[in-house]
Structure formats: structure tokens, C-alpha cells
Amino acid sequence: MPLVILSTLALLLGLLILYWIHNQAQLDIVVQPACPLQPAPLISVCVPARNEAHNIRACAEAILLQDFPNFELIVVDDRSSDATPAILDDLAARDAHLKIVHGSDLPPGWVGKPHALHQAANAARGDWLCFVDADTLLAPSALGSALVAALESEADLFSMLTYQVTVSFWEKVVLPLVMTALSVGFSPRRVNDPTLPDAIANGQFILIKRSAYDAVGGHAQIRDQIVEDKALAEAVKSAGLKLILANGYLLARTRMYTSLPQMWEGWTKNIYLGLRDRPSMLILGVFGATLSAIAALILPLWAFFGVLWWLRDGSWLGTTVTLEALALWSYLLYLRARVGRAMGLSGWWALTATLGAAVFAAMMLSSAWKVLSGTGVTWKGRRYPNS
């Protein structure tokens, strides 16, 4: 009987935890394709590009195909050593909307991406600045639709979460777990609540009023912040300006990493850079990720134990334990399938939840070690924290 009571308590606690975790990603503002405003303000689209030869042509061409009538595209070639400059020169020769800024050497006290975007903003003439990452593809109506949504929500900074493209096996296994973890750490509803300090933006797409950008000091104010999108969002919100995080899946797509080694390097870097100054959050993340991996492994063992109990004596106790384990396991698979379907995946990928949780837990542990040991990370040829 004590084991049955323990099983029942575990079931109830597990249901509550799973429900809470999977209901943090509520994006109440969903950006729909909309007709551009008339008259249209000038939007300066700013793209930082450092060794982005595999992405920059598709990114820039998608921006140049915008149906918005009044925009300019500024791409900062951040001292690339690959074919990025040649690709940009070819595009600029064919479309006058594109202006290339050749990045200068990194000044003391600056980190790479803020410096690139600072140079782009200095060259921009727009009433609005739109920061877009080089691995992001915009739908033709993205600029106009985002501006309509920003004005309707009275946002000073309007950021969209983009649809995450998953192609390889490991992308489909790991990325849904990562997105769930991000929603727990940064609930969109809390971010959009002006009474709460929670602030984050998605650097893949940020639309900000030029007046708001200048009011908070732009990227010069956050020159030493490696996670510049979050730092800019915090600066905007702490200044009493309005920050909005919205669902932009219909308007923008991003494929960040294409293989497990790339995901490992990229996400451990992101976790490290995002949480190295927040040790309590890092410890909580490591604990939560490890607990999730253990729980995902225990669930089938729990059910297996119940079946063995029932086979041994055929009592209702073994049946109860088995049914409770299967109920919690089924609920987990349902929730993971729901997350997967939102990312365009078959519900069958929910069966990889245990593997995905294990990999994500390992990423969290690796990032925690980098923080505690001070080893830092290397990204695009730059060493952090000693960039």
C-alpha cells in the first residue's frame, strides 16, 4: 500500500508539473499577414553577417522581395573571411535597396554582434529599425505585417518568434525540448506584462522605433553584452517603454543549426552566454533539465515495475501502479506531440522525448561547467568572455 500511495502522489505531482511546463509558451499575439500601411514609414532592415556565405544570399533576397513599399536593407559584412563579401557585392549590383557596410575592427569594450548592429544603425535612415539575423528568411509580407501588429499593440520594441525549421534527426529530437525550456525561463505573457521586469527579444527579428532605440542608447549602451537581443529588451522595458513578444511563425523561418555538433556548440554557447551572470537561474536550469531526463527514463521503468507486480500476484495494487504510470507517460507523450506538431513535426517524434531530454540536460551541464570553470566559449572565431 505505501508504494501505491507513493505512485499516486507521483502521478498527481507529475501531472501538475507537466501542465505548468507546457503552458508557459502562450503567445497571445499572433502576427497575421496584413496589407502594408499607407503612407508607409521608412524601415531600415539591418543584418549582421560574419562568415554567412551559406545563408546571406537567401536571407537578403527574401528581404529584397518584401511587398512593403518603403524600406532599405543594410548588411554589415563583419570582417568575413568566406564568400560573404562577394555575394553581397553581387546582390548590391542588382538591387539599389541594399547597402553594404564593411565592418571596422572591434573597439575595446565591444563584442561582435552589438558592434555590427551599431554600425548598421548609424547608417540607417529609417523611422523604424528592423534587426534580422542572417539565418532567417522573411515572407514577402513580413515587414508590413509586423509593423501593423507593432502599431496595433503600441509597441516600442516588437519582436517575433520565428518558425524553427527542423530537417535532421537531431534537430527534431532536441529543438522541441529547447523551445519548451526557453518558454519556461522566459514566459511570453510575463514578458508582455508591463508591470513585470521579465524581458527578452528574439534577435532573429526585432522591430524597434528609432526614437526608442536612441532613447535607450542603442547598441552602444549594451556594447559589452553578448546576448544583445535580451539586453536591448531589458533596456527598453526598464526605460518604461513597451515591449511585445509575438508569434511570427507565419512570416519568418529560421534554421539555426543543421547537425548535432552545431547544435551542441550553438546551444551550449547560448545557455552559457545567457545565464553566466545569473547563477541561480543556471542552477535551476541544470536541476530542471536533469530531473526531466531522469523522469523521462523512470516512466517506462515505473510502468514495467507495475506490470511485474501485477504478473506476480494479480492484485489491484499492481494494476493501479501500472495504470498510473501509463497515464502520466501518455500525458507526457501527448504534450510533447503537441509541441512537435506546432513545429511541423509528426506526433511520433514525441517518443524521442527521453533522448531529447538527456541531450538537453547534457548541454545544461556542459554550460554550467563552462561558467564554473571559467573556460568560456568560442563562437565565429571569437573567444568569450575574452572577445
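Student: How far is the sulfur of Cys46 from the closest cysteine sulfur, and in which residue is that sulfur?

Tutor: This is a predicted model, where local features need pLDDT of at least 70, side-chain atom pairs count only at pLDDT 80 or more, and totals for chains, interfaces and linings use all residues. Residues are numbered from 1 along each chain as its sequence is written, and side-chain values use heavy atoms, with hydrogens and water left out. A disulfide is a pair of cysteine sulfur atoms within 2.5 Å. The sulfur of Cys46 is too far for a bond, because the closest one lies 8.0 Å away, in Cys130.

Student: Is Cys130 buried or exposed?

Tutor: Buried means under 20% relative accessible area, exposed over 50%, partly exposed in between (1.4 Å probe, protein chains only). Cys130 has 0% relative accessibility, so Cys130 is buried.

Student: How are the rings of Phe169 and Trp170 arranged?

Tutor: Rings of Phe, Tyr and Trp (its six-membered ring) pair if their centres lie within 6.5 Å; planes under 30 degrees apart are stacked, over 60 edge-to-face, the rest tilted. The model has six aromatic pairs by this rule. In Phe169 and Trp170, the ring centres are 5.1 Å apart and the planes stand at 85°, so the pair is edge-to-face.
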